[in-house]
Amino acid sequence: MTNHDRDPAENGSTAGTNQAGPGVPDAAAVPGGDAAPDSGTAPGGGSAHDSDSDIVLEARGVTKHFPVRRTVGDLVSRRRRTVHAVDDVSLRLRRGSVTALVGESGSGKSTVARLLSQLYPLTEGEIRLGGTPVKAGRGRSFRAYVKQVQLIFQDPFASLNPVHTVRYHLTRSLKIHGKQATEAEACELLERVQLLPPLQYLDKFPHELSGGQRQRVAIARALGADPKVLLADEPVSMLDVSIRLGVLNLLRDLKERLHLAILYITHDIASARYFADTTLVMYAGRIVEGGDSETVTQQPAHPYTQLLIASAPDPDRLADEEAQEETGSGEPPSLISPPGGCRFHPRCPKAMERCRTELPPRFELDDGQWAACWLYEDRPVTTAVPGAPVSGDVTGTGTGPTGSGPTASTTEVAAK
Ligand SMILES: Nc1ncnc2c1ncn2[C@@H]1O[C@H](COP(=O)(O)OP(=O)(O)O)[C@@H](O)[C@H]1O
Ligand code: SF4
Ligand SMILES: [Mg+2]
């Protein structure tokens with residue numbers, strides 16, 4: 001079993017600096033190669049959120065529609081259907097900060113991670129690394145991008161090759177990213193993920209490790225790139241409950257020591273409160289609420305967030321029977337034909353007539369919290385385009401897919 005309690009040796013990591021080395025394209029091909037200036041702000045703390053220079057990776061109005069395989073009926077009616085997996089998602093990841101993306105299965109979280117990893121082309125929108133728009137590429141420019149933005153998958157067993165040792169996985173990562181692929185470097189990576197003593201793990205195969213240890217190796221491999229961003233897609237959901245906390249603590253420790261920007265994708269909103277600085281809530285392809293994690297989880301504004309919280313009991317929260325009765329139920333909608341207006345309206349106990357036809361914009365609440373819900377129509381609609389400073393530290397819905405401005409009166413037409 002991993003020794004989770006032991007402090008890893010300080011490793012003097014250089015994450016957060018431009019590590020472009022031999023074989024890595026020039027800055028023009030490496031968006032964000034000019035690392036955000038080290039402002040010296042407290043990692044993860046409130047002050048770190050005050051500066052745009054801390055924004056490492058940003059999505060602006062990102063949209064992904066997948067074409068659906070056509071049936072005979074589609075051919076006859078000449079219909080082309082698409083899965084609206086992600087619509088108009090904007091978010092910012094800051095150095096030294098964890099942003100949670102929370103939502104039920106099928107809400108589009110993994111698609112967001114894959115879009116941010118450049119694994120899929122965007123249908124619409126833009127991704128910026130270090131302030132520079134990135135173009136989906138292959139070859140060297142793609143390698144230069146993934147060197148800075150690493151994705152960690154849910155299933156560490158599937159992501160590690162069963163016929164290769166830990167040593168192979170780590171040295172290969174170091175080699176690919178232009179580093180010295182020595183035993184000492186591999187051991188340093190293992191120390192960073194608290195697999196101690198490292199020599200004990202170096203020649204093990206994935207099947208000889210526990211789930212938690214495998215996930216730590218997957219994280220160590222990602223760190224071999226010296227990334228600025230970790231996209232962690234449900235990194236603990238396949239692990240035993242008893243070891244989840246250890247892996248989350250490790251990620252938090254990496255955030256603080258290496259100033260990493262981390263996107264933590266989860267369906268467990270309670271863990272977002274514990275682990276993330278900022279929480280974004282996603283429903284049926286759209287982000288519906290955002291703010292600092294404590295506020296979003298303790299005073300959820302959007303009825304969908306309230307439903308998520310009610311179905312994830314938190315011992316710290318006083319039971320509110322009445323509120324729980326009103327939180328709604330049901331299943332997420334089909335994303336081939338998502339509901340018009342607010343996509344949550346078929347499940348929402350507070351739905352009003354306009355919710356069926358009009359897409360709610362992002363209404364600003366207090367302390368940087370916001371919700372895309374007509375219940376808050378007396379509050380100001382944000383006019384900030386994603387990327388401009390806003391009172392909070394996150395952006396969400398509220399601009400069209402091209403970032404063309406607020407959508408206060410946007411009527412979303414139900415997909416055909
Ligand atoms: N490659 C794909 N082709 C078609 N549909 C997809 C593809 N990937 C995901 N989807 C669909 O997009 C929606 C969102 O999926 P996903 O991003 O995996 O959600 P989550 O990670 O929140 O469970 C689902 O309806 C899923 O079936
Ligand atoms: S906009 Fe309407 S349907 Fe949507 S969450 Fe708010 S009240 Fe419910
Ligand atoms: Mg997923």
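Gln154 is partly exposed, because 17 other C-beta atoms lie within 10 Å. By the criterion used, a residue is buried with 20 or more other C-beta atoms within 10 Å of its own, exposed with 12 or fewer, and partly exposed in between, the C-beta atoms being placed from the backbone. The model is predicted: local features need pLDDT of at least 70, side-chain atom pairs count only at pLDDT 80 or more, and totals for chains, interfaces and linings use all residues. Residues are numbered from 1 along each chain as its sequence is written, while chains are lettered from A and ligands numbered from 1 in the order in which they are written.

Gln154 sits in the loop between S6 and helix H4 (156–159). Helices (H or I, at least four residues) and strands (E, at least two) are DSSP runs numbered from the N terminus. Leaving aside residues up to four places away in sequence, Gln154 touches Asp233, Glu234, Pro235, Ser237 and Met238. Contact requires C-beta atoms, placed from the backbone, within 7 Å. Gln154 and Ala232 are separated by 78 residues in sequence, yet their C-alpha atoms are 7.7 Å apart.

Helix H3 spans residues 139–148. Its buried residues are Ala144, Tyr145, Lys147 and Gln148. These lie on the same side of H3, because they cover an arc of only 155° around the axis. The arc is taken from the directions from the helix axis to the C-beta atoms. The packing partners of the buried H3 residues are strand S4 (124–129), strand S6 (149–152) and strand S7 (229–233).

Two ligand shells were examined. A residue counts as near a molecule if its C-beta atom, placed from the backbone, lies within 6 Å of it. Around ligand 1 are Phe66, Val83, Ala85, Gly103, Ser105, Gly106, Ser107, Gly108, Lys109, Ser110, Thr111 and Leu335. Strand S2 (82–94) and helix H2 (109–116) each supply at least two residues of this shell. H2 gives the most, with 3 residues. The shell has 4 nonpolar, 7 polar and 1 charged residues. Here Ala, Val, Leu, Ile, Met, Phe, Trp, Tyr, Cys and Pro are nonpolar, Asp, Glu, Lys and Arg charged, and the others, Gly among them, polar.

Ligand 2 is surrounded by 14 residues. The closest are Cys342, His345, Cys348, Cys355 and Cys373. By class, the ligand 2 shell holds 11 nonpolar, 2 polar and 1 charged.

Overall, the protein has 13 helices and 12 strands. Of its 416 residues, 49% are buried. Among contacts with a separation of 6 or more, 68% join residues 24 or more positions apart.

Conventions. Two residues are in contact if their C-beta atoms, placed from the backbone, lie within 7 Å.
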